[in-house]
Amino acid sequence: MTQKRILVTGASGCIGHYISEALIQETEYELYLLVRNPKKLQVDTQARPGVTVLQGDMQEISKFADLLKTIDTAVLTATAWGGEQTFDINVHKTHELLNLLDPDKCQQVIYFSTASVLDRNNQPLKEAGELGTDYIRSKYDCLHKISQLAIAPKVTTVFPTLVLGGDAEAAAFGGRNKPYSHATSGIPEVTKYIDLIRFFEADGSFHFIHGRDIATVVRYLIDNPPKEDEPRSFVLGQKQLTANQAIEEVCAYLGKKIYFRIPLSISLANLIIVLFRIQMAAWDRFCMNYRHFSYENFINPGSFGLPNYCATVSDVLKISGVKPFIK
(Lines give C-alpha, C1' and ligand atoms only; values in the text may rest on other atoms or scores of the structure.)
Protein backbone atom coordinates (compact mmCIF):
# COMPACT_ATOMS: atom_id res chain seq x y z
CA MET A 1 0.00 0.00 0.00
CA THR A 2 1.45 3.35 -1.07
CA GLN A 3 1.69 6.08 1.53
CA LYS A 4 -0.37 9.23 1.20
CA ARG A 5 1.61 12.07 -0.41
CA ILE A 6 1.47 15.35 1.51
CA LEU A 7 2.70 18.72 0.25
CA VAL A 8 3.37 21.54 2.76
CA THR A 9 4.10 24.99 1.36
CA GLY A 10 5.72 27.63 3.55
CA ALA A 11 7.32 24.84 5.60
CA SER A 12 9.98 27.19 7.02
CA GLY A 13 7.44 29.66 8.44
CA CYS A 14 6.16 29.63 12.03
CA ILE A 15 3.05 27.53 11.33
CA GLY A 16 4.81 25.51 8.64
CA HIS A 17 7.51 24.44 11.11
CA TYR A 18 5.01 23.00 13.59
CA ILE A 19 3.05 21.20 10.89
CA SER A 20 6.18 19.77 9.26
CA GLU A 21 7.58 18.61 12.60
CA ALA A 22 4.31 16.92 13.58
CA LEU A 23 3.99 15.14 10.22
CA ILE A 24 7.59 13.95 10.33
CA GLN A 25 7.45 12.71 13.92
CA GLU A 26 3.90 11.37 14.11
CA THR A 27 3.12 9.96 10.65
CA GLU A 28 4.67 7.82 7.94
CA TYR A 29 3.23 9.88 5.10
CA GLU A 30 5.42 10.74 2.14
CA LEU A 31 6.19 14.42 2.73
CA TYR A 32 7.19 17.20 0.34
CA LEU A 33 8.21 20.40 2.10
CA LEU A 34 8.39 23.49 -0.11
CA VAL A 35 10.79 26.20 1.11
CA ARG A 36 12.67 29.08 -0.48
CA ASN A 37 15.74 28.56 1.70
CA PRO A 38 16.30 25.04 3.11
CA LYS A 39 18.73 26.45 5.70
CA LYS A 40 15.77 28.11 7.44
CA LEU A 41 13.98 24.79 7.90
CA GLN A 42 14.78 23.90 11.53
CA VAL A 43 13.21 20.43 11.64
CA ASP A 44 14.97 17.09 11.37
CA THR A 45 14.19 16.07 7.80
CA GLN A 46 16.52 13.06 8.19
CA ALA A 47 14.53 11.60 11.09
CA ARG A 48 12.89 9.05 8.79
CA PRO A 49 12.67 8.11 5.11
CA GLY A 50 10.07 9.71 2.88
CA VAL A 51 10.78 13.38 3.61
CA THR A 52 11.74 15.51 0.60
CA VAL A 53 12.69 19.17 0.82
CA LEU A 54 11.73 21.10 -2.31
CA GLN A 55 13.73 24.28 -2.80
CA GLY A 56 11.60 26.77 -4.65
CA ASP A 57 9.33 29.78 -4.52
CA MET A 58 5.60 30.12 -5.02
CA GLN A 59 6.42 32.35 -7.98
CA GLU A 60 7.95 29.34 -9.76
CA ILE A 61 5.35 26.81 -8.63
CA SER A 62 4.83 25.61 -12.22
CA LYS A 63 8.20 23.80 -12.16
CA PHE A 64 6.62 21.33 -9.70
CA ALA A 65 3.64 20.65 -11.99
CA ASP A 66 4.36 16.93 -12.44
CA LEU A 67 4.69 16.36 -8.68
CA LEU A 68 1.55 18.37 -7.87
CA LYS A 69 -0.55 16.03 -10.01
CA THR A 70 0.41 13.16 -7.66
CA ILE A 71 -0.33 14.92 -4.35
CA ASP A 72 -3.05 13.46 -2.09
CA THR A 73 -3.22 16.33 0.43
CA ALA A 74 -1.85 19.88 0.05
CA VAL A 75 -1.35 22.07 3.12
CA LEU A 76 -0.94 25.65 1.92
CA THR A 77 0.65 27.88 4.58
CA ALA A 78 2.93 29.91 2.27
CA THR A 79 2.09 33.60 2.26
CA ALA A 80 3.55 37.00 1.46
CA TRP A 81 3.03 39.45 4.32
CA GLY A 82 3.50 42.59 2.25
CA GLY A 83 5.41 44.19 -0.59
CA GLU A 84 5.08 44.18 -4.34
CA GLN A 85 4.63 40.41 -4.62
CA THR A 86 1.78 40.11 -2.10
CA PHE A 87 -1.15 39.78 -4.52
CA ASP A 88 0.86 37.73 -7.01
CA ILE A 89 1.81 35.11 -4.41
CA ASN A 90 -1.27 35.15 -2.18
CA VAL A 91 -3.79 35.16 -5.03
CA HIS A 92 -2.44 34.36 -8.50
CA LYS A 93 0.28 31.82 -7.64
CA THR A 94 -1.90 30.18 -4.99
CA HIS A 95 -4.61 29.70 -7.62
CA GLU A 96 -2.01 28.41 -10.08
CA LEU A 97 -0.94 25.78 -7.54
CA LEU A 98 -4.56 24.79 -6.89
CA ASN A 99 -5.16 24.39 -10.62
CA LEU A 100 -2.09 22.15 -10.93
CA LEU A 101 -3.55 19.65 -8.42
CA ASP A 102 -5.56 16.76 -9.84
CA PRO A 103 -9.16 17.05 -8.50
CA ASP A 104 -9.59 13.29 -8.95
CA LYS A 105 -6.35 12.37 -7.16
CA CYS A 106 -6.17 15.08 -4.46
CA GLN A 107 -8.30 14.19 -1.44
CA GLN A 108 -8.04 17.52 0.35
CA VAL A 109 -6.45 20.97 0.27
CA ILE A 110 -6.01 22.68 3.65
CA TYR A 111 -5.75 26.37 2.74
CA PHE A 112 -4.60 28.89 5.34
CA SER A 113 -6.45 32.19 5.26
CA THR A 114 -6.74 34.55 8.26
CA ALA A 115 -9.57 35.26 10.71
CA SER A 116 -9.09 38.96 9.93
CA VAL A 117 -11.20 38.52 6.77
CA LEU A 118 -14.23 37.31 8.78
CA ASP A 119 -16.83 39.14 10.85
CA ARG A 120 -18.15 37.92 14.23
CA ASN A 121 -20.58 35.57 12.49
CA ASN A 122 -17.77 33.95 10.48
CA GLN A 123 -18.93 35.68 7.29
CA PRO A 124 -16.69 37.71 4.96
CA LEU A 125 -15.91 41.11 6.47
CA LYS A 126 -16.30 43.64 3.64
CA GLU A 127 -14.03 46.16 5.36
CA ALA A 128 -11.20 43.61 5.14
CA GLY A 129 -11.50 43.70 1.36
CA GLU A 130 -11.81 47.49 1.26
CA LEU A 131 -9.53 48.80 4.03
CA GLY A 132 -7.21 45.91 4.87
CA THR A 133 -3.46 45.81 4.42
CA ASP A 134 -2.17 44.26 1.19
CA TYR A 135 -1.86 40.95 3.04
CA ILE A 136 -5.46 41.02 4.33
CA ARG A 137 -6.96 42.23 1.04
CA SER A 138 -5.06 39.54 -0.86
CA LYS A 139 -6.38 36.86 1.50
CA TYR A 140 -9.90 38.27 1.10
CA ASP A 141 -9.59 38.18 -2.72
CA CYS A 142 -8.12 34.67 -2.78
CA LEU A 143 -10.90 33.31 -0.60
CA HIS A 144 -13.61 34.58 -2.96
CA LYS A 145 -11.90 33.25 -6.07
CA ILE A 146 -11.16 29.73 -4.79
CA SER A 147 -14.84 28.80 -5.11
CA GLN A 148 -14.51 29.15 -8.90
CA LEU A 149 -11.79 26.49 -9.20
CA ALA A 150 -12.25 22.82 -10.11
CA ILE A 151 -10.60 21.76 -6.84
CA ALA A 152 -12.98 23.91 -4.75
CA PRO A 153 -15.07 21.00 -3.35
CA LYS A 154 -11.86 19.53 -1.86
CA VAL A 155 -10.69 22.76 -0.19
CA THR A 156 -10.84 23.03 3.61
CA THR A 157 -10.17 26.63 4.64
CA VAL A 158 -8.74 27.40 8.06
CA PHE A 159 -8.76 30.88 9.58
CA PRO A 160 -6.15 31.23 12.35
CA THR A 161 -6.78 33.90 14.95
CA LEU A 162 -3.80 35.45 16.82
CA VAL A 163 -0.97 32.96 16.17
CA LEU A 164 1.62 32.21 18.86
CA GLY A 165 4.80 30.20 18.66
CA GLY A 166 8.55 30.45 18.28
CA ASP A 167 12.03 30.20 19.74
CA ALA A 168 11.48 30.84 23.44
CA GLU A 169 9.73 27.52 24.00
CA ALA A 170 12.37 25.69 21.96
CA ALA A 171 15.08 27.00 24.25
CA ALA A 172 13.01 26.16 27.33
CA PHE A 173 12.29 22.57 26.28
CA GLY A 174 15.48 21.73 24.44
CA GLY A 175 13.92 21.61 21.00
CA ARG A 176 15.04 23.03 17.69
CA ASN A 177 14.56 26.71 16.99
CA LYS A 178 11.40 27.84 15.25
CA PRO A 179 10.69 31.32 13.86
CA TYR A 180 8.67 33.60 16.10
CA SER A 181 5.13 34.47 15.17
CA HIS A 182 4.52 38.23 15.01
CA ALA A 183 2.44 38.11 18.19
CA THR A 184 4.85 36.03 20.29
CA SER A 185 7.85 38.26 19.64
CA GLY A 186 6.15 41.14 21.47
CA ILE A 187 4.89 39.30 24.57
CA PRO A 188 7.97 39.67 26.82
CA GLU A 189 8.12 43.36 25.91
CA VAL A 190 4.45 43.93 26.82
CA THR A 191 4.92 42.37 30.26
CA LYS A 192 7.55 45.03 31.04
CA TYR A 193 4.76 47.61 31.02
CA ILE A 194 2.27 45.65 33.12
CA ASP A 195 2.79 47.99 36.10
CA LEU A 196 1.10 50.68 33.99
CA ILE A 197 -1.24 48.56 31.87
CA ARG A 198 -2.91 46.92 34.89
CA PHE A 199 -4.56 50.20 35.90
CA PHE A 200 -6.48 50.57 32.63
CA GLU A 201 -9.47 48.68 31.28
CA ALA A 202 -10.39 48.38 27.63
CA ASP A 203 -13.39 47.14 25.68
CA GLY A 204 -12.20 44.42 23.32
CA SER A 205 -11.89 40.67 22.84
CA PHE A 206 -9.86 38.17 20.83
CA HIS A 207 -8.84 34.54 20.42
CA PHE A 208 -5.35 33.07 20.10
CA ILE A 209 -3.96 29.75 18.89
CA HIS A 210 -0.49 28.26 19.23
CA GLY A 211 1.36 26.84 16.22
CA ARG A 212 1.62 23.44 17.89
CA ASP A 213 -2.16 23.34 18.40
CA ILE A 214 -2.65 24.37 14.77
CA ALA A 215 -0.45 21.44 13.76
CA THR A 216 -2.56 19.07 15.89
CA VAL A 217 -5.74 20.27 14.15
CA VAL A 218 -4.16 19.97 10.70
CA ARG A 219 -3.00 16.42 11.46
CA TYR A 220 -6.56 15.54 12.49
CA LEU A 221 -8.02 17.09 9.32
CA ILE A 222 -5.53 15.22 7.12
CA ASP A 223 -6.59 11.93 8.69
CA ASN A 224 -10.28 12.90 8.83
CA PRO A 225 -11.22 15.05 5.81
CA PRO A 226 -14.67 16.67 6.13
CA LYS A 227 -17.41 14.71 4.38
CA GLU A 228 -19.50 16.25 1.61
CA ASP A 229 -22.25 17.42 3.98
CA GLU A 230 -19.86 18.75 6.66
CA PRO A 231 -18.42 22.28 7.07
CA ARG A 232 -15.16 23.00 5.25
CA SER A 233 -14.34 26.33 6.95
CA PHE A 234 -12.86 26.50 10.45
CA VAL A 235 -11.74 29.38 12.66
CA LEU A 236 -8.72 28.24 14.69
CA GLY A 237 -8.64 29.63 18.21
CA GLN A 238 -8.86 29.01 21.92
CA LYS A 239 -11.77 30.34 23.98
CA GLN A 240 -12.49 34.05 23.55
CA LEU A 241 -10.67 36.38 25.95
CA THR A 242 -11.61 39.94 26.77
CA ALA A 243 -8.77 42.46 26.97
CA ASN A 244 -9.52 42.91 30.69
CA GLN A 245 -9.42 39.16 31.34
CA ALA A 246 -6.05 38.95 29.59
CA ILE A 247 -4.63 41.77 31.76
CA GLU A 248 -5.99 40.14 34.93
CA GLU A 249 -4.44 36.77 34.04
CA VAL A 250 -1.08 38.37 33.24
CA CYS A 251 -1.17 40.18 36.60
CA ALA A 252 -2.01 36.95 38.43
CA TYR A 253 0.89 35.16 36.73
CA LEU A 254 3.33 37.96 37.59
CA GLY A 255 1.99 38.53 41.11
CA LYS A 256 0.82 42.08 40.38
CA LYS A 257 -2.23 43.47 42.21
CA ILE A 258 -4.86 45.65 40.56
CA TYR A 259 -6.09 48.35 42.95
CA PHE A 260 -8.22 50.37 40.51
CA ARG A 261 -8.84 50.64 36.77
CA ILE A 262 -9.40 53.63 34.50
CA PRO A 263 -11.65 52.97 31.48
CA LEU A 264 -10.10 53.72 28.10
CA SER A 265 -12.85 54.92 25.76
CA ILE A 266 -12.78 55.05 21.96
CA SER A 267 -13.78 58.70 22.06
CA LEU A 268 -10.74 59.50 24.20
CA ALA A 269 -8.49 57.56 21.87
CA ASN A 270 -9.89 59.41 18.85
CA LEU A 271 -9.38 62.76 20.63
CA ILE A 272 -5.73 61.90 21.33
CA ILE A 273 -5.25 60.94 17.66
CA VAL A 274 -6.62 64.30 16.53
CA LEU A 275 -4.77 66.41 19.12
CA PHE A 276 -1.40 64.80 18.47
CA ARG A 277 -2.01 64.43 14.71
CA ILE A 278 -1.24 60.73 14.85
CA GLN A 279 -1.23 59.11 11.42
CA MET A 280 -3.24 55.88 11.30
CA ALA A 281 -3.88 53.59 8.37
CA ALA A 282 -7.54 53.05 7.49
CA TRP A 283 -7.38 49.39 8.59
CA ASP A 284 -5.81 50.28 11.96
CA ARG A 285 -8.52 52.89 12.55
CA PHE A 286 -11.20 50.33 11.67
CA CYS A 287 -9.71 47.73 14.06
CA MET A 288 -9.57 50.29 16.89
CA ASN A 289 -13.28 50.96 16.51
CA TYR A 290 -14.29 47.34 15.78
CA ARG A 291 -12.52 46.05 18.93
CA HIS A 292 -14.16 42.62 19.30
CA PHE A 293 -12.29 40.14 17.11
CA SER A 294 -14.22 37.13 18.31
CA TYR A 295 -15.85 34.39 16.27
CA GLU A 296 -18.53 31.70 16.36
CA ASN A 297 -17.79 27.98 16.16
CA PHE A 298 -14.03 28.26 16.63
CA ILE A 299 -12.06 25.02 16.92
CA ASN A 300 -8.85 23.82 18.59
CA PRO A 301 -7.49 20.36 19.49
CA GLY A 302 -10.02 20.10 22.32
CA SER A 303 -12.81 20.20 19.73
CA PHE A 304 -11.72 16.73 18.59
CA GLY A 305 -10.97 15.33 22.03
CA LEU A 306 -7.24 16.01 21.66
CA PRO A 307 -5.01 17.76 24.24
CA ASN A 308 -4.31 21.48 23.90
CA TYR A 309 -0.70 22.56 24.23
CA CYS A 310 -1.41 26.24 24.91
CA ALA A 311 -4.92 27.10 26.08
CA THR A 312 -4.50 29.81 28.74
CA VAL A 313 -2.68 33.12 29.21
CA SER A 314 -0.43 31.39 31.76
CA ASP A 315 0.53 28.85 29.09
CA VAL A 316 1.27 31.71 26.69
CA LEU A 317 3.55 33.48 29.16
CA LYS A 318 5.34 30.29 30.18
CA ILE A 319 6.22 29.19 26.66
CA SER A 320 7.18 32.78 25.75
CA GLY A 321 9.92 32.63 28.36
CA VAL A 322 8.26 34.92 30.94
CA LYS A 323 9.03 33.74 34.47
CA PRO A 324 6.07 33.54 36.90
CA PHE A 325 5.90 35.23 40.29
CA ILE A 326 6.81 32.79 43.08
CA LYS A 327 5.74 33.59 46.62
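Biologist: Which residues have the most contacts inside the largest nonpolar core?

Modeller: That would be I19, V75 and F112, in a core of 32 residues. Keep in mind that this is a predicted model.

Biologist: Which elements each supply at least two residues of this core?

Modeller: On the helix side, α1 and α10 do. On the strand side it's β1 (5-9), β2 (30-35), β5 (108-112) and β11 (233-236).

Biologist: And where does the largest share of this core come from?

Modeller: From α1, with seven residues.

Biologist: Back to I19. What is it in contact with, leaving aside neighbours within four places in sequence?

Modeller: I19 touches V8, V75, T77, F112, A215 and V218. Two of the names there, V75 and F112, are also on the list of residues with the most contacts inside the core.

Biologist: OK, and what about the other core, how many residues does that have?

Modeller: That one lies apart and has 29 residues, including I71, V91, L97 and L149.

Biologist: Which residues lie nearest its centre?

Modeller: A22, E26, A215, T216 and R219, out of 13 lining residues.

How values were computed:
Residues are numbered from 1 along each chain as its sequence is written. This is a predicted model: local features need pLDDT of at least 70, side-chain atom pairs count only at pLDDT 80 or more; totals for chains, interfaces and linings use all residues. Side-chain values use heavy atoms; hydrogens and water are left out. On a 1 Å grid over the protein atoms alone, a cavity is a set of points where a 1.4 Å probe fits but cannot get out, and a pocket is an open set with protein on both sides within 12 Å along at least five of seven lines; lining residues have an atom within 4 Å of a point. A nonpolar core is a set of buried Ala, Val, Leu, Ile, Met, Phe, Trp, Tyr and Cys residues joined through side-chain atoms within 4.5 Å. Buried means under 20% relative accessible area, exposed over 50%, partly exposed in between (1.4 Å probe, protein chains only). Helices (H or I, at least four residues) and strands (E, at least two) are DSSP runs, numbered from the N terminus. Contact means heavy atoms within 4.5 Å.
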